[in-house]
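Please keep the sequence and the model open while reading.

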Amino acid sequence: YTLRGVVPEVDLVVSATGQEVQPGKSEPFRVAPDGIKKNVDFSLENGGSIEITVRRTGGGGPGRYMARATHAEGGEPKIQMIGPGGSAKITGLKPGKWNVVLDPLMGPMEGEEDPQNLEQDVEVVVGKAAKASFDSP
């Protein structure tokens with residue numbers, strides 16, 4: 001692969017993602033003008049996942065939510081939309097405790113209360129799907 005327009009004296013990092021693996025990246029490296037860098041190594045480790053389901057307790061569809069999953073150690077949250085079917089799956093997660101928050105995408109209908117954020121902690125294990133089930137009013 002040829003990468004054009006790389007400025008010399010700048011650290012480069014190769015990042016990669018996949019559906020069932022945790023994101024990975026190489027060590028920083030530099031390339032001289034018109035140079036070639038070989039053997040840029042990185043590994044992608046297997047990940048776990050979170051299966052999210054939303055059920056409406058008052059009948060009807062579960063509504064639309066944006067799911068945010070954040071690892072207990074911090075970092076960028078993983079985001080997935082939950083549509084009218086009421087389910088979604090977030091994959092490629094590192095193991096450990098994750099906090100899942102569902103933010104409603106629509107405001108209240110006339111005469112209804114403001115929708116609330118729903119929140120739950122789950123434990124993710126490599127190669128398995130943690131379950132996060134929510135009841136929506």
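S3 and S9 pair in the parallel sense, with eight bridges between them; strands are DSSP runs of E of at least two residues, numbered from the N terminus, and two strands pair if DSSP finds at least two bridges between them. The model is predicted: local features need pLDDT of at least 70, side-chain atom pairs count only at pLDDT 80 or more, and totals for chains, interfaces and linings use all residues. Residues are numbered from 1 along each chain as its sequence is written, and side-chain values use heavy atoms, with hydrogens and water left out.

**Overall make-up**
- The protein has nine strands and zero helices; a helix would be a DSSP run of H or I of at least four residues.
- Of the 137 residues, 28% are buried, where buried means under 20% relative accessible area (1.4 Å probe, protein chains only).
- Among contacts between residues at least 6 apart in sequence, 55% join residues at least 24 apart; a contact means heavy atoms within 4.5 Å.

**Strand pairing**
- S3 and S9 belong to an open sheet of three strands, ordered S6-S3-S9 with mixed pairing.
- S6 and S9 are the edge strands, each pairing on one side only.
- The twist averages 15° from one strand to the next, taking axes as lines fitted to C-alpha atoms and angles from 0 to 180 degrees between N-to-C directions.
- Val 54 has Phe 134 in S9 as its bridge partner.
- S4 and S5 (residues 78-82) run antiparallel and are joined by five bridges.
- Tyr 65 stands opposite Ile 82 in S5.
- The hairpin of S4 and S5 has six residues between the strands, and Gly 74 takes a positive phi near 95° there.

**Nonpolar core**
- A nonpolar core is a set of buried Ala, Val, Leu, Ile, Met, Phe, Trp, Tyr and Cys residues joined through side-chain atoms within 4.5 Å.
- The largest one has 19 residues, and those touching the most other members are Ile 50, Ile 52, Ile 82, Val 100, Leu 102, Val 122 and Phe 134.
- Two or more residues come from each of S3 (48-56), S4 (65-71), S6 (87-93), S7 (96-104), S8 (118-124) and S9 (129-136).

**A loop residue**
- Ser 26 lies in the loop between S2 (24-25) and S3.
- Ser 26 counts as buried because its relative accessibility is 6%.
- Leaving out residues up to four places away in sequence, Ser 26 touches Val 13, Val 14, Val 40, Asp 41 and Phe 42.

Technical notes
Buried means under 20% relative accessible area, exposed over 50%, partly exposed in between (1.4 Å probe, protein chains only).
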